[in-house]
Amino acid sequence: MASNPMQQFTVFRIGPEIKIAGVDLSFTNASLFMVISASIILFFLFFGSKEKKIIPDKIQLMAEMFYSFVAKMISDTAGTKAKPFFPFIFSLFMFVLFCNMVGMLPYSFTVTSHIIVTLIMALFIFVAVTIIGFVKHGFKYLSIFVPSGVPAVLLPLITIIEIISYLSRPVSLSVRLFANMMAGHTMLKVFGSFVVSLGILGGWLPLSFSVALTGLEILVAFLQAYVFAILTCIYLNDALNLHH
Amino acid sequence: MKSFISLAIAVAAIDKELYAAEAGMPQLDPTYWASQAFWLVLVFLILYISISKFYLPKIKENLDNRENKIKEDIDNASKFKKQSEVRQKEYELILKNAKKEVSKILFESKNILDKEIKTKKEAMEKEIEKEILKAQKEISELKKNSISSVQNISENIVSNIIENISGDKLNESSIKATVEDISKKNISKFL
């Protein structure tokens with residue numbers, strides 16, 4: 001194993017090189033773990049919805065808990081108007097959560113620790129939310145940049161700040177997830193290499209740190225998926241229910 | 001805090017080997033960006049379609065079924081409860097009527113009994129009165145008789161005493177008058 005803590009994020013090609021119109025679209029380890037995560041989700045949901053029991057078994061109960069968890073999250077933050085977007089939010093939450101969780105397994109690859117992945121998701125959400133806003137409210141949607149009840153003197157400044165904060169949404173959304181994932185895995189790797197380098201005598205302290213950090217990282221993996229989904233809901237809420 | 005650390009690491013990595021991304025931050029190496037984007041979109045699309053078309057409706061149906069079943073059960077329970085309440089009311093009504101009947105019967109029999117007792121009592125009282133009257137009559141007759149016999153005895157005694165004392169026979173009618181006079185004076189003492 002290489003001691004470089006950043007090596008775990010290296011993307012490499014698996015199988016033949018696929019080039020379409022000069023663009024390299026080869027299947028990589030990142031793609032593999034996307035497929036693995038998605039497959040786990042689909043298997044989980046398949047077994048979770050296969051038997052329609054009145055009293056659910058464990059896996060059915062878990063699937064239903066995920067369903068009601070996301071449903072409650074959406075209805076709490078974005079209201080009933082966001083119901084058509086429930087499948088998207090649910091898929092997004094499940095995908096991010098399972099990518100994060102699969103990334104916690106040793107020797108696995110964390111899909112969400114790559115800025116390009118999170119940025120594409122965040123940009124898609126940003127563009128989609130903006131389109132939804134304009135479709136629902138027309139040019140009135142621009143009033144999102146003009147908060148009500150602000151003194152006229154401050155209005156230009158506030159508007160500029162609002163525009164900047166609106167435009168920085170995809171950046172903050174993507175960097176938050178990417179940075180959390182990358183930092184956690186880097187720290188785990190660093191402490192792991194400390195265990196190896198300090199050996200049987202001194203390695204216990206970093207090992208205990210590693211154990212604690214693993215627990216923390218699992219929490220972070222869940223939390224970041226939740227945050228990603230709930231921020232999407234909040235952005236959606238802004239677009240659906242114009243408050244100003 | 002977390003993101004700060006990661007940014008610090010990122011910045012340090014970028015500073016050290018800015019142009020060798022595979023040694024610093026593999027995330028910033030654009031070689032496989034297109035591939036990652038492509039596979040992300042593909043995988044997520046498949047995931048989204050299968051979730052929204054197959055799994056979510058199934059789960060939702062399942063949840064709705066359960067909710068309906070629970071609602072149905074609750075409805076049934078409340079129906080049965082209502083039925084039992086009706087039955088309870090019926091039972092109470094029957095009980096009430098029965099109680100009324102009982103009290104009525106009790107009242108009637110008491111009345112009959114009272115009447116019987118009354119008539120019997122009256123009859124008894126009449127009889128007793130009769131007996132008393134009879135007894136009183138007898139007593140008064142007896143008294144009367146006794147007075148007249150006492151008078152007779154007194155007359156005889158008086159005539160005998162006078163005869164013995166004086167040796168003369170007095171007129172019987174005068175003795176009778178005197179005795180009657182005295183007994184009349186004293187009769188109230190005895191009657």
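**Entry 1. Burial in chain B.** I count a residue as buried if 20 or more other C-beta atoms lie within 10 Å of its own, the C-beta atoms being placed from the backbone. The model I am reading is predicted. By that criterion, buried residues make up 13% of the 191 residues in chain B. I then looked up the secondary structure of chain B and found 3 helices and 0 strands. Along the sequence, the pattern of chain B reads α-α-α.

**Entry 2. Helix α1 of chain A.** I next checked the length of α1(A). At 1.5 Å a residue, its 22 residues should span 32 Å, and the C-alpha atoms at its ends are 31 Å apart, which agrees. I listed the buried residues of α1(A); among them are A30(A), F33(A), M34(A), I41(A), L45(A) and G48(A). The buried residues of α1(A) pack against α2 and α3 of chain A, together with α2 (33-166) of chain B.

**Entry 3. How α1(A) meets α2(A).** I looked up the packing of helix α1 (residues 29-50) and helix α2 (residues 58-77) of chain A. Their axes are 7 Å apart and form an angle of about 110°. An angle of 65 to 115 degrees counts as roughly perpendicular, so α1(A) is roughly perpendicular to α2(A). On the α1(A) side, the contact is made by F44(A), L45(A), F47(A), G48(A) and S49(A). On the α2(A) side, I59(A), Q60(A), M62(A) and A63(A) take part. I classed the residues of this contact as 6 nonpolar, 3 polar and no charged.

**Entry 4. Two residues compared.** Is A30(A) buried or exposed? A30(A), which is found in helix α1 of chain A, has 26 other C-beta atoms within 10 Å and is therefore buried. Leaving out residues up to four places away in sequence, I found that A30(A) touches V11(A), F109(A), V111(A) and H114(A), and also Y32(B), Q36(B) and W39(B). A30(A) and T112(A) are 82 residues apart along the chain, yet their C-alpha atoms are separated by 9.3 Å.

I then turned to G215(A), which lies in helix α7 of chain A. G215(A) has 10 other C-beta atoms within 10 Å, so it is exposed. From C-alpha to C-alpha, G215(A) and G202(A) are 22 Å apart in space, while they stand 13 residues apart in sequence.

**Entry 5. The largest nonpolar core.** I noted that nonpolar side chains tend to be buried together in soluble globular proteins. The largest nonpolar core here has 74 residues, of which I89(A), F93(A), F95(A), V96(A), A229(A) and L236(A) touch the most other members. At least two residues of this core come from each of α1, α2, α3, α4, α6 and α7 (204-240) of chain A, and from α2 of chain B. Helix α3(A) gives the largest share of this core, 12 residues. Finally, I looked up F93(A): not counting residues up to four places away in sequence, F93(A) touches V70(A), A225(A) and A229(A).

Note on methods:
Residues numbered from 1 in each chain as written. Chains lettered and ligands numbered in written order. Predicted model: local features only at pLDDT ≥ 70, side-chain atom pairs only at ≥ 80, totals over all residues. Axes fitted to C-alpha atoms, helices over the stretch in contact; angles between N-to-C directions. Helix = DSSP H or I, 4+ residues; strand = E, 2+ residues; numbered from the N terminus. Parallel < 35°, antiparallel > 145°, perpendicular 65-115°, else oblique. Contact = placed C-beta atoms within 7 Å. Nonpolar A, V, L, I, M, F, W, Y, C, P; charged D, E, K, R; others polar. Expected span 1.5 Å × (residues − 1). Buried ≥ 20, exposed ≤ 12 C-beta atoms within 10 Å, placed from the backbone. Core = buried A, V, L, I, M, F, W, Y, C linked by C-beta atoms within 7 Å.
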